[in-house]
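Welcome, and please open the model in your viewer. We will take it in steps, selecting one part at a time.

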Amino acid sequence: MIEDLFFIEKHAYRQSPVHRLDARVKIVAAFTAIIAIVVVPYSPVVYQAGVVLLLFFAVLWGLSGLSPRIYVHRMALILPLWGTIILFQIFLKNPYSPEFHPVFTVLPGIYIYAESVGFALILLTKFVVSVSFILLLSSTTRMQDLLEGASRMGLPPEFSLMLGMMVRYLFVFGYMFRKIQHSLATRCFDPFDHRLPYRYRLREIGYTIGTFFVRSYEQGERTYTAMLCRGYGRHSHVFVAEKPLARRDWAFLAVGLAIPIAAAAVFSLPR
Amino acid sequence: MHIPDAFMPIPQGIFYWVVALVFISLSLRWVRQEMDETKVPLVAVLAAGIFAIQAFNLPVTMGTSGHLVGGALAAIVLGSPYAAVFILSLVLIVQGVIFGDGGITTMGANILNMGVIGGFVGFYSYKGLMAATRNLNLSAFAAAWFACLVPALVTAVEMWIAGTFPLDLGLAGMGLYHAAIGVIEGGITVVALHLIASVRPDIVNVTKGVTV
């Protein structure tokens, strides 16, 4: 996952109307959209709510100037595992339907149910919508801006400090990870090479990880000492200056709240 | 093991968030009291390291691969289950918000499973086995294995409660898969512990915790 860090951040540094929006309004809009699709009950109305939210997402992604290939690439990293579990649903009964009608017999005793296919599609819709808005948020907002935005929204200062340091050092360790990967490759070591004894591969990876742990810890010690030299103490906090929202941020916030809330309300309230 | 947003109704997500927040606040208190508040940066940087460590993969079986979660390792080296809660909370927040791995409404459940249950199971099974056997390899291996398996089983139960996966298949599937992956977790934890203890014996205190 850490290999994708640089890829994600590179796109977050681009310029577009969506990239220029304040991080706070993007966080609120993305989380509202996710909550909206989760709130909609497991029923076919999810499709309608999902279409509305995905159209909203598509407009924003288009405005961001990011290629659809970036979206497909990032989605492809997440989808396989949970996509398999979603696909598996077509063979299973679930508590969201009173009865199940087999439409295809795979093997004796294993059926594909019409209602289960519908449930799998409902799960897939919810999954795609919720992940899409996270991809939009992280592809159009720099990590530091996300953190500052969260701080301005009331994230406790201790957490801001810790997450800020973690995010900063993710890149350091990302480079370190790359270097270690290159070193292992230079020595022709491949953990997936079946010609090597398994115990040997386990020990090599174990030592690599142990070294990584010690290097992380020692980096933490050096960082702490460096921070002490710069006046860090018990009552130090990250200072984040106040920043009023611009008119375009307010406008986006209004739309970003209205569409998901309306979609959730219209499609999930009993009629 | 990262439950995405689609797989859990919102009331259950809120419930797990509340429980997770209790443990996150307790872990913050542990950091302030046990590690000295000013040394928080050290653990934050270590969390970034654990995040990177999770990228090292090893094959398990039948084309599957596994990696270290790191909760048991962090809890054993730092001498407290709250170390795992604290570090894995940071890791899961970054994974959920930046990478889309896990969800926002389900993040509480994920922190509860991997951070809280994984950390507590890993730490206390290690302590219990060490007291009973005095065998570091066995204790660390079993602790890391349990810390991988038990959260997976709890995840299966949570998804059954959510109505998105049957209990029997979930327990069997998640149980078998993570029992296999747990071997990787256990093996790597033992090797890494030996290396850390030989290179930096001052930071590993298997009975009292870290001496920073």
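Helices here are DSSP runs of H or I with at least four residues, and strands are E runs of at least two, both numbered from the N terminus. Keep in mind as you look around that this is a predicted model.

**Stop one: chain A.** Following the sequence, the order reads α-α-α-α-α-β-β-α-α-α-α-α.

Now zoom out to take in the whole chain. Along the principal axes, the C-alpha atoms of chain A fill a box of roughly 65 × 60 × 35 Å. Its radius of gyration is 23 Å, whereas a compact globule of 271 residues would have one near 18 Å.

How much of chain A is buried? Buried residues account for 37% of its 271 residues. If you draw contacts in chain A between residues at least 6 apart in sequence, 79% of them join residues at least 24 apart.

**Stop two: where the chains meet.** Show chain B as well, and select the residues that touch across the two chains: 51 in chain B are in contact with 64 in chain A. Which elements of chain B each supply at least two residues to this side? They are helix H1 (10-34), helix H2 (40-53), strand E1 (57-59), helix H4 (81-99) and helix H7 (167-199) of chain B. Highlight H2(B) next, as it gives the largest share, 12 residues.

**Last stop: colour by class.** On the side of chain B that touches chain A, look for 36 nonpolar, 10 polar and 5 charged residues.

Methods. Residues numbered from 1 in each chain as written. Chains lettered and ligands numbered in written order. Predicted model: local features only at pLDDT ≥ 70, side-chain atom pairs only at ≥ 80, totals over all residues. Contact = placed C-beta atoms within 7 Å. Nonpolar A, V, L, I, M, F, W, Y, C, P; charged D, E, K, R; others polar. Rg over C-alpha atoms; globule rule 2.2 N^0.38 Å. Buried ≥ 20, exposed ≤ 12 C-beta atoms within 10 Å, placed from the backbone.
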